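Please work through the exercises below with the sequence and the model side by side, trying each task before reading its solution.

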Amino acid sequence: MDLDNQALVKSLADQYGTDDLVIVLGAIDQDGIEITVETVTNGDPSYIGPLAGVQLGLQVAHVFEDDVKAQADPDVYREQVGFAELSFDAAAVREAIRAARQAIQAPAGDALG
Amino acid sequence: MYLKGKKVIALGERDSIAGEAIAAVARSAGADVVLTRTECFV
């Protein structure tokens with residue numbers, strides 16, 4: 001997650017609070033998803049960005065997730081995301097975001113194991 | 001995760017799903033999109 005976006009997310013969290021602030025991702029690479037989820041929940045793992053040491057605990061979803069798709073207008077979803085959903089490995093992306101959220105929620109001991 | 005009424009940050013990528021596409025989807029679900037970004041990794 002680039003530093004400019006970290007600064008913007010931090011600013012919006014300050015402005016709106018974290019309870020109703022949700023991030024919806026479009027990244028398809030597992031590493032990118034993991035790092036972004038960690039950055040906006042536990043803080044920047046590289047310790048160089050504005051979110052270093054800042055535990056926002058934001059909720060993170062991916063636009064490929066069934067939960068997101070089910071809430072969207074079907075025509076809008078098909079027009080905006082439908083082709084990409086077919087072009088990329090959407091199932092792998094859904095698994096990556098699920099695993100990233102689970103890793104964040106797991107106790108530290110589990111992560112070390 | 002319920003999106004209706006939430007403040008959404010649409011964080012896309014140039015080589016996958018652009019932020020604008022995510023924002024359109026989120027708005028159609030009743031969310032208030034407060035930031036739309038498309039990251040570019042080179």
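This is a predicted model: local features need pLDDT of at least 70, side-chain atom pairs count only at pLDDT 80 or more; totals for chains, interfaces and linings use all residues.

Residues are numbered from 1 along each chain as its sequence is written, and chains are lettered from A and ligands numbered from 1 in the order in which they are written.

**Exercise 1.** Determine the order of the strands in the open sheet of four strands, and state which strands stand at the edges.

*Solution.* Begin with the elements: helices (H or I, at least four residues) and strands (E, at least two) are DSSP runs, numbered from the N terminus. Strands pair if DSSP finds at least two bridges between them, and the order that results is E2(A)-E1(A)-E1(B)-E2(B), with parallel pairing. The edges are held by E2 of chain A and strand E2 (32-39) of chain B, each of which has a single partner strand, so one side of each is left without a neighbour in the sheet. From one strand to the next, the twist averages 20°. For a closer look at one pair, E1 (residues 21-25) of chain A is joined to E2(A) by four bridges, and A:Val22 has A:Gln59 as its bridge partner in E2(A).

**Exercise 2.** Find which residues of H1(A) are buried, and decide whether they lie on the same side or on opposite sides of the helix.

*Solution.* A residue is buried if 20 or more other C-beta atoms, placed from the backbone, lie within 10 Å of its own, exposed if 12 or fewer, and partly exposed in between. By this test the buried residues of H1(A) are A:Asn5, A:Gln6 and A:Val9. They cover an arc of only 105° around the axis (the arc of the directions from the helix axis to the C-beta atoms), which puts them on the same side of H1(A). On the other side, A:Asp4, A:Ser11, A:Asp14 and A:Gln15 are exposed.

Note on methods. Axes are lines fitted to C-alpha atoms, for helices over the stretch in contact, and angles run from 0 to 180 degrees between N-to-C directions.
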